[in-house]
Amino acid sequence: MNGLIKIGDATYRWLDERLGITGITKATLLHPVPKSINWWYVFGAAVLTAFTVQLVTGIFLAFTYVPSPDHAYSSLDYISHHQFAGNLLRGIHYWGASAMVLLIFIHMSAHFLTGSYKYPREMQWLTGAVLLILTLGMAFTGQLLRWNQDAYWAIVVGAEQAARTPIIGTWVAQLLTAGPAVNGQTLTRMYAIHMLLLPGGLITFITVHIYLVIYKGASEWPVPGQPVDPKTYWADYQELLHTDGEPFFPVGIWRDAVFSLVVILTIGALAIHGAADIGIPANPTTPANPAPDWYLIWYFAILALIPPASTPYVIILAPAIGFGILFLFPFANKGERNFVRRPWAIATVFIAAFATLVLVYMGYKEPWKPFLVNGSNPPQLASKSLRTTSGQALTPMALAGAHLMTVEGCTACHLIEGVGGQRGPDLSQVGDRRTYGQLIWRIARGGGGMPSYGNVLKPSQVNELVTYLETRVTPGQAISSNPGG
Ligand code: HEC
């Protein structure tokens with residue numbers, strides 16, 4: 001027994017001499033933290049836990065996933081339905097992503113409310129802001145890897161809208177899609193970003209972020225009425241650690257451990273039911289109603305709600321401004337930390353959270369039909385719109401289409417013979433400028449402020465609508481033939 005201990009001792013000393021284990025352990029695990037840290041501080045570790053879950057499950061998914069348009073969907077289908085525990089694996093990765101995004105926002109809010117981004121922890125906040133961007137990038141690129149209808153059309157619509165941004169739009173869109181269209185090259189690009197670029201960035205920035213926690217220490221719980229003064233803060237903090245600190249391990253770490261365990265168990269419990277259904281494979285010829293996952297759908301909802309003419313300015317500029325503001329925080333690095341003395345900070349968090357919830361709800365309340373002022377009563381077509389533009393009676397099919405124009409709320413956005421809304425183009429003479437195929441495509445697919453009706457209307461109804469719209473031509477002009485009958 002004694003002999004064993006001696007061998008163990010000698011081995012440790014041999015390794016320690018070469019690796020510096022004791023020094024590192026002292027600096028990382030045993031560094032002192034203020035006794036006042038509490039449950040508000042557990043979210044950072046929880047984000048790290050969620051990230052680790054994503055890293056591990058991501059590697060296992062990558063063993064089977066094939067990043068090509070022909071096989072991406074079917075390889076995920078295989079994982080979900082045939083591979084041993086595959087559905088659980090995908091489920092964990094799916095819910096893990098949601099957990100990570102959610103926890104990051106909570107982590108940010110907690111440290112925003114306690115003002116711990118102030119001196120001398122500004123770099124903590126800045127690296128955190130970068131981590132937020134990288135994480136949202138992971139969420140976005142991950143969805144596309146499913147290569148199903150929703151993911152495919154979400155990026156088609158996203159890129160199409162981004163392309164309308166003045167000056168940089170086309171460039172951004174092409175950067176996103178790796179070319180003029182969404183195809184296999186796009187998938188390869190998203191795969192490389194999701195598997196190499198962003199994880200590399202995340203690991204790098206997480207390392208710096210954690211290094212800073214150790215270097216600048218965990219912030220003490222802010223006492224109202226004790227503002228941060230960069231001149232005295234650091235000396236006071238050292239004094240506090242000395243008189244009222246405790247080693248991070250084991251007294252500081254237990255809350256982190258408990259909460260991280262709760263996070264893992266929750267992800268696991270949700271994952272037993274598997275990930276969201278992967279839907280149907282991407283099909284570039286059949287438009288869908290694109291819907292991103294919840295952590296991006298609020299942004300889609302904003303784009304659907306703003307006036308279409310402003311989309312080109314909002315789609316890239318709004319996130320740029322939003323993230324830009326995060327990078328301005330270090331300029332406000334003095335003063336009160338506790339939220340009871342910063343009511344506007346509480347207001348900001350509540351308004352942001354509430355707005356996000358409302359927008360997520362609206363995003364799911366698909367399709368993005370307009371809210372009609374008087375309920376289900378959009379403008380009724382004028383009686384002259386119920387005849388062809390040259391005054392003949394409409395065919396029964398065209399008449400059914402005219403009826404749908406009102407029922408489906410098309411007239412809330414479109415003018416026909418002076419009746420209707422003005423959000424979309426006037427359709428009084430749309431038959432002059434659009435072919436049957438173009439009209440089908442437009443209605444089914446939407447985009448540019450026009451809701452997509454592909455999943456809402458039956459093909460026969462789209463056909464009726466288009467048959468009607470084709471009667472809207474300059475009087476005297478021939479009605480183009482209708483291949484649909
Ligand atoms: C929320 C408002 C809104 C609703 C509701 C709406 N549209 Fe649109 N629609 C638009 C906008 C905006 C555009 C312009 C899109 C663009 O710029 O590409 C458009 C474009 C179109 C076009 C192409 C017009 C052209 O000149 O090329 C057609 C056709 C069309 N919509 C038909 C319909 C039909 C049919 C319905 C009902 C099923 C409908 N829309 C409902 C907003 C709407």
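Predicted model: local features only at pLDDT ≥ 70, side-chain atom pairs only at ≥ 80, totals over all residues.
Let me start with the overall picture. The protein chain has 485 residues, and 43% of them are buried. It has 19 helices and four strands. The C-alpha atoms fill a box of roughly 105 × 55 × 40 Å, taken along the principal axes.

Where do the two residues sit in the chain? His 414 is in the loop between helix H16 (396–407) and strand E3 (415–416). Met 450 is in the loop between H18 and H19. They are 36 residues apart, so the pair links distant parts of the chain.

Buried or exposed? Take His 414. Its relative accessibility is 10%, so His 414 counts as buried. Met 450 has a relative accessible area of 22%, so this residue is partly exposed. The cut-off for buried is under 20%.

Next, the rest of the ligand site. There are 23 residues around the ligand. Cys 410, Cys 413, His 414, Arg 442 and Met 450 come nearest. By class, the shell has 13 nonpolar, six polar and four charged residues. Helix H18 (436–445) and helix H19 (459–469) each supply at least two shell residues. H18 gives the largest share, three residues.

A side-chain N or O atom of Arg 442 is 2.3 Å from an oxygen atom of the ligand. For Arg 433, the side-chain distance to a ligand oxygen atom is 2.8 Å. His 414 also has a polar side-chain atom 2.7 Å from a ligand nitrogen atom.

Last, the core. How many residues are in the largest nonpolar core? It has 38. Leu 103, Phe 112, Trp 125, Phe 259 and Leu 326 have the most contacts inside it. Elements that give two or more residues include helix H3 (43–64), helix H5 (86–113), helix H6 (122–145) and helix H12 (254–272). H5 provides the largest share of this core, 10 residues.

Technical notes
Residues numbered from 1 in each chain as written. Heavy atoms only, no water. Near = heavy atom within 4 Å. Polar contact = N/O pair within 3.5 Å; in protein donor to acceptor, adjacent residues only side chain to side chain. Nonpolar A, V, L, I, M, F, W, Y, C, P; charged D, E, K, R; others polar. Buried < 20%, exposed > 50% of the residue type's maximum accessible area, 1.4 Å probe, protein only. Core = buried A, V, L, I, M, F, W, Y, C linked by side-chain atoms within 4.5 Å.
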